[in-house]
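Q: I am new to this structure and would like to go through it step by step. Could we begin with a single residue?

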Amino acid sequence: MPLLLKGRSFLRNLFFSRRVDSDLEQEVQSQLEILIEEKMRAGMPAAEARRAAKIEMGGVEQLKEQVREERMGNWLQSVLSDCRYALRQLGKNPGSSAVMIFTLALAIGASTAIFSVVYGVLLRPLPYADANRIMAIFEVTAKGTPARLADPNFDDFRDQNRSFGAIAKYDNYVTSISGTGQPTRSMIAHVSPRMLTVFSVHPILGRDFSDGDGKQGAARTALVSYGYWRQELGAPAELSQARLKIDGAEYSVIGVLPNGFRFPADVDLWLPAGLDGEGRSRTSHNYSAVGRLRDGVTVAQANGDISAIARRIHDASNEQGDYLLTDAMVLPLQDSITGEARLPLQVLLGAVGFLLLVACANVANLLLAQASVRERELAIRSALGAGRGRLIRQFLTEAFLLSLVGGGLGVLGAFWGVAGLIALAPGNLPRIENVSINIPVLVFAVLLSTAVAAGLGAFTAARATAGDMRKGLAEGGRGEAGSQRSQRVGQIIVATQIAITLVLVVGAGLLGRSLMKVLEVNPGFRVDKIVAMDVALPWVDDHKVKASRGIFFANLIDRLKQIPGVRTVGATSVLPMAEGGLPDGMFLLASRDEAPKSMDELVAMMIRQKDRMGIADFCAATDGYFQALGIPLLRGRMFEASDGANSPHVALISESLARERWPNQDPLGHTIEIGNMDSDLRLLTIVGIVGDTHEYGLDVAPRPTVYVNLLQRPSPAISVTMLSDADTRSVTAAARGILQELDPEIPASFQTFSQVYSASLRPRRFNVILVGFFGIVALLLATAGVFGVMAYAVNRRTREIGVRVALGASTGHVLRMVLGEGLRTICIGVGIGIAGALALTRTMEALLFGITANDPLTFGGVTLLLVGAALLACYIPARRAMKVDPMVALRYE
Amino acid sequence: MSPEQTSLLQGTLDLLILKSLRAGEMHGLGVSRRIQQITGGTFVVKPGSLFPALHRMEEEGWITAFWGESENNRRAKYYRLSKPGMKQLEAETKRWSRISLAIGQALETS
């Protein structure tokens, strides 16, 4: 009951405050009248009675104020009145308030946008049940790097582990699918039967794989993604009629997976692995693996478990060499997906954090400047009885108002900013589909704004209410000591700003110079005027299929050459700088009479003759490929028409492989065996040496590469490269038509090679643009900060300057005096900044290329830039100081 | 202020107000007079303390307020004890006796 009454009073006081107030006024007045009457009846004359009554009642206004203070909900009233007052205060300086709000909006908006990316990519949990229990499993090579799993190794992990409730392997690639309306190029995955169990996912229609579906020779079954079921199959409720032709075999669709599940990324069809038998080598890393931890098992325990199994395999195997696992490891799946993005995003977060600090410093300085003007007002309020707490609350309210408005505008801007970030982001940024302004990001924005408000408010309040405030009432207004202290604080803030800005701009400079150094690298091939067409024929290991594949490619290339405007046509198994890269493996320096007759024999030979092995990337290409991309033939000869399917197989090797593996010999004429890479056991004769190319990107050194002739050893998926002077669209349309004629079940996808090239540079560009933007904004803010503090200082010292000039100081002396102080602050800031930058840039070393983290050119350049900007900012106030007229200054109050 | 003016704890002031209003309805000044009377002049409650207390107690529901006519037909705001207020008075009275007994005992032992 009392609660109800209190609630009612609270609401009454809130909404009917005027009525409550007038009621109080009437009550007090009536009591006063009664008191006067009493005194008059007791014999006092009217005037005296009135005075005596008033004295007895006490101050009417103070009485009313005391009653108000006791009221329920008074705290809310005073907060609201603080808000009204704060609004008035901000309105008094609209320009200054606008600048502060805009600065905060920029900083909070940028922080929110970056955080939304960090959250969506790194922090947000994977969309699976208990996703932190799902682990990625890797082998560890002799060099200590993680690698995928070989079939027999996976089997051993699966059978011998004690840590995982379910464990599965997967491999994914793009291939052509037909059997529905339009043939598509889709990502498919070969998975072991327990795949869905690992992710705790169940089909929404049909059934999951059973163990029988994965046995060699079993009937071919497939699971489809929700999107594929809807778009390509037409969402049938019954799956018995759904049949697809994949890699030359027919599969029946047995289940549809829930909307949103597409692991590995972008997969639309899941097929059982091992239907055509499994690999037997423990060094062919064919599969990736995942597993779900058993309840109660920790990651460390699982690591130890798997590691022990790996070491057992290593010790027992006779396939020793660089490619045999020496250990194995287990990593949470989320970390393995997002691991590479972590450092760049952390750098971005740090950069935007620095920007936020610089922005807040500017706002703090502006607030301080305003507060010093309000000294008199504060003194009066203090004299009227406002406690220090009340005044501090006033400053906090103003800071909160600024932050709320600035933060609100910032979040609105962040919507637009996030869209821009997504557009700018590199294609390989994982989980980018998760990036948006959602609830956790908004919570972050609110918390950030609150923290900024609390920081600014507390700081301003502490400065403004320090010391005896009543001094402000004295004539002349400002005590010398107080002004010196607030000037010192302003200088400290500016020095800090300069330091932080220096670190930020150095970071941007290092990233920028890295990008420039990368662009200076000669890729080893031509980039422009090349149209790339990706074509995927069925992945079948039959040698008759392979022969017809070679003929198909030869036909295709011949027809494409006829397209008007096309100068050269070539094909390669993997386009440089495209995602994925070339497979790498071992080859054997075999002599002519040593050709193995079976895979097992090859494996045995490789184990026996470890000293005659080499390691290289494996690529299949045509002569047109080298011509189209301008990769030079350095020695020997190119692939020729005489190198037919039944002629001796030939190979080209890259320059670095020749240097590495044949340092004192001529590799031309030597024979090698590389059948472990494409199941073709025929020996290859090296006939030519070609120039190195940056297959993996300009910032990765060229790797030794073996090129086999695509027409002799056709890999199923190729990229056709067409060098043409005609425009891209016409070439694309013509090529599409030709392919359609040759085989309507094989779709193609097109891109220009310069698109691929730009895409490979996008990660660097992304970092440079963002950190550069933050750096420039911080520089502008810091310059404005220096300007503000200098102008304020000169303003304060106008009288002093006037006195000095009147006493005979030259303008040069005044200039030196003013600039000297400014320079000192700048130097301190720069000094701290350089020290900080030297320490911090080490963390981003992995992102740099061609320069060290302490690159003196960058450091020197940025320092000069910053000092120059700061001096420029001091220039105007200094000139004003020089022009001070002593007569005016001394009269100025 | 009389030399005997002692600072009243909020709780004691509430108790005295409730006790005064038990005798009947009064306006603010009347309550002040009554308190002075029943405490034998020891407590002279100034309006600056009384009116905030009256308003607070009204919001808590122990007393209710209404506008009425004073002795000389002047409009004045009157206060009366409510039922919860009556209960509060009884409870506070009991508590006060317990406390004063305890303190008295404590002061008598050497």
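Q: Is A:Tyr173 buried, exposed or partly exposed, and why?
A: In this predicted model, A:Tyr173 is partly exposed because 15 other C-beta atoms lie within 10 Å. A residue counts as buried at 20 or more such atoms and as exposed at 12 or fewer.

Q: Which strand does A:Tyr173 lie in?
A: A:Tyr173 belongs to strand S4 of chain A, which covers residues 164-178.

Q: And how far is A:Tyr173 from A:Val267 in space?
A: Their C-alpha atoms are 8.6 Å apart, while 94 residues separate the two in sequence.

Q: Now the helices. At what angle do H2 and H3 of chain A pack?
A: Helix H2 (residues 17-41) and helix H3 (residues 46-57) of chain A pack at about 130 degrees, and their axes are 8 Å apart. That angle makes H2(A) oblique to H3(A). The crossing of H2(A) past H3(A) is right-handed.

Q: Which residues meet there, in H2(A) and H3(A)?
A: Among them are A:Leu32, A:Leu35 and A:Ile36 in H2(A), and A:Ala49, A:Ala53 and A:Met57 in H3(A). The residues of this contact comprise nine nonpolar, no polar and three charged.

Q: What about chain B: how many of its residues are in contact with chain A?
A: Chain B has 19 residues in contact with 20 residues of chain A. On the chain B side, H3(B) gives the largest share, eight residues. That side consists of five nonpolar, seven polar and seven charged residues.

Q: Lastly, how far apart are the centres of domain 1 and domain 3 of chain A?
A: Those centres, taken over C-alpha atoms, are 52 Å apart. The domain assignment places domain 1 at residues 2-72, and domain 3 at 342-473 + 480-520 + 762-891.

Conventions:
Residues numbered from 1 in each chain as written. Chains lettered and ligands numbered in written order. Predicted model: local features only at pLDDT ≥ 70, side-chain atom pairs only at ≥ 80, totals over all residues. Domains from an automatic or database assignment. Contact = placed C-beta atoms within 7 Å. Helix = DSSP H or I, 4+ residues; strand = E, 2+ residues; numbered from the N terminus. Nonpolar A, V, L, I, M, F, W, Y, C, P; charged D, E, K, R; others polar. Axes fitted to C-alpha atoms, helices over the stretch in contact; angles between N-to-C directions. Parallel < 35°, antiparallel > 145°, perpendicular 65-115°, else oblique. Left-handed = near helix turned anticlockwise from the far one by under 90°.
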